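Trainee: I'd like to learn how to read a structure like this one. Can we go through it feature by feature?

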Amino acid sequence: MVSFSELQSALIAGRPVEYQCQTNLNLYNSPELKDLATQAVAGRQLRIVSLSDQAALELQDSPGAAQNSTGALKVCLCEDDYPGWLPLEDLDLLSVVEENYRAIALSPSEIQARLPRVITFARKAMTQPNHYLWGGTVGPNYDCSGLVQTAFAAVGIWLPRDAYQQEAFVQPIAVEELQPGDLVFFGSRDRCTHVGLYLGEEGYIHSSGKAIGRNGIGIDPLSAEGGAIAEAYYHQLRGAGRVIASYKSPDT
């Protein structure tokens, strides 16, 4: 549990303190805390970057507990450098870590050996009742890149958070070179907006929304002949990529 006074001391001193999530937490796109940006599963680490104006006022006026606060903390998740806003009232759901996060380097062969477990995780997620959740990374409800990131993270491989970031991170490969555990990317000519995990001849597993998907996790063939959902995504196919490294912050 972190108090207002501990947070204030750390911010004033400019200390790069890292905190651990004691439970699953929601992070939002803005200090107004309206739209979900991502989620942090219990055990993830984050840095507090700054306070919203409202949080600064509350911190000044009430240096005690954060309960019933309305302000927000700008944070950055350590494992993927993803930013977001955390409700100030969730401050007591954080604890100061004993050791700062350190990314673990993995070789391509080590990653390859873990891919069957990545696929197993995604398949198991599909068996749970679920729906598509924009920003979702905590089961049972995921968005497309949240499912992919969480499946890899479950075996100790970290990828960037969003689909377009994952596309830029992996090693590009031709669609004809796809192997189980590779990623397939979809979107417009200008931007990647969707990602799936390739399974092999079955196709790919992905969490798709309501508009052109099934509002949840399913498997579709990588073909225009596999039904309405498969056809819609196939016409948006941008390319494929292979995971050959685990994410490491450029600042380390």
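This is a predicted model: local features need pLDDT of at least 70, side-chain atom pairs count only at pLDDT 80 or more; totals for chains, interfaces and linings use all residues.

Trainee: Which residue meets D220 in a salt bridge?

Mentor: R214 does, with 2.9 Å from N to O between the two side chains. D220 counts as buried because its relative accessibility is 4%, and the cut-off for buried is under 20%. R214 has a relative accessible area of 33%, so this residue is partly exposed.

Trainee: How many salt bridges are there by this rule?

Mentor: The count is eight. One of them joins E79 to R44, where the closest N and O atoms are 2.9 Å apart. Look at where the two sit: E79 is in the loop between β5 (72-77) and β6 (83-87), while R44 is in the loop between β3 (36-40) and β4 (45-51). That puts the partners 35 residues apart, so to speak in distant parts of the chain.

Trainee: Is E79 buried or exposed?

Mentor: Buried, at 5% relative accessibility. R44 is buried too, with a relative accessible area of 4%.

Trainee: What is the distance between the closest N and O atoms of R44 and D80?

Mentor: It's 3.1 Å, and that pair is a salt bridge as well. R44 lies in the loop between β3 and β4 and D80 in the loop between β5 and β6, so this bridge ties together parts that are 36 residues apart in sequence. Both of these residues are buried. Because the bridges share partners, R44, E79 and D80 end up in one network.

Trainee: Let's move to cysteines. What is a disulfide?

Mentor: It's a covalent bond between the sulfur atoms of two cysteines. To call one here, the two sulfurs have to be within 2.5 Å. By this rule, the count comes to zero.

Trainee: Next, the nonpolar cores. How many residues does the largest one have?

Mentor: It has 27, and F152, I157, L183, L197 and V243 have the most contacts inside it. To see where the residues come from, check α3 (108-127), α4 (144-153), β9 (183-187) and β10 (192-200), each of which supplies at least two. The biggest contribution is from α3, with six residues.

Trainee: Which residues is L197 in contact with, leaving aside its neighbours within four places in sequence?

Mentor: Among them are V118, I119 and A122, along with F152, L183, Y204 and I205. There's also another core, apart from the largest one, with 18 residues that include C21, L27, A40 and L73.

Trainee: How do I read the pairing of β10 and β11?

Mentor: Pairing is about which way two strands run and which residues are bridge partners. β10 and β11 pair in the antiparallel sense over three bridges, and they form a hairpin with two residues between them.

Trainee: Which strand pairs with β11 over five bridges?

Mentor: That's β12 (residues 216-220), again in the antiparallel sense. Here S208 has G216 in β12 as its bridge partner. β11 itself, residues 203-208, is mostly covered, with six of its six residues buried.

Trainee: One last stop, a loop residue. Where is N24?

Mentor: N24 is in the loop between β1 (18-21) and β2 (25-28). It is partly exposed, at 41% relative accessibility. Beyond its neighbours within four places in sequence, N24 is in contact with A40, V41, A42 and V138.

Trainee: What does the side chain of N24 reach at 2.9 Å?

Mentor: The backbone nitrogen of A42. For V41, compare C-alpha atoms: those of N24 and V41 are separated by 4.4 Å, although the two residues are 17 apart along the chain.

Notes: Residues are numbered from 1 along each chain as its sequence is written. Side-chain values use heavy atoms; hydrogens and water are left out. A nonpolar core is a set of buried Ala, Val, Leu, Ile, Met, Phe, Trp, Tyr and Cys residues joined through side-chain atoms within 4.5 Å. Buried means under 20% relative accessible area, exposed over 50%, partly exposed in between (1.4 Å probe, protein chains only). Helices (H or I, at least four residues) and strands (E, at least two) are DSSP runs, numbered from the N terminus. Contact means heavy atoms within 4.5 Å. A polar contact is a pair of N or O atoms within 3.5 Å; within protein, one must be able to donate a hydrogen and the other to accept it, and residues adjacent in sequence count only if both atoms are side-chain atoms. Two strands pair if DSSP finds at least two bridges between them. A salt bridge is a side-chain nitrogen of Lys or Arg within 4 Å of a carboxyl oxygen of Asp or Glu.
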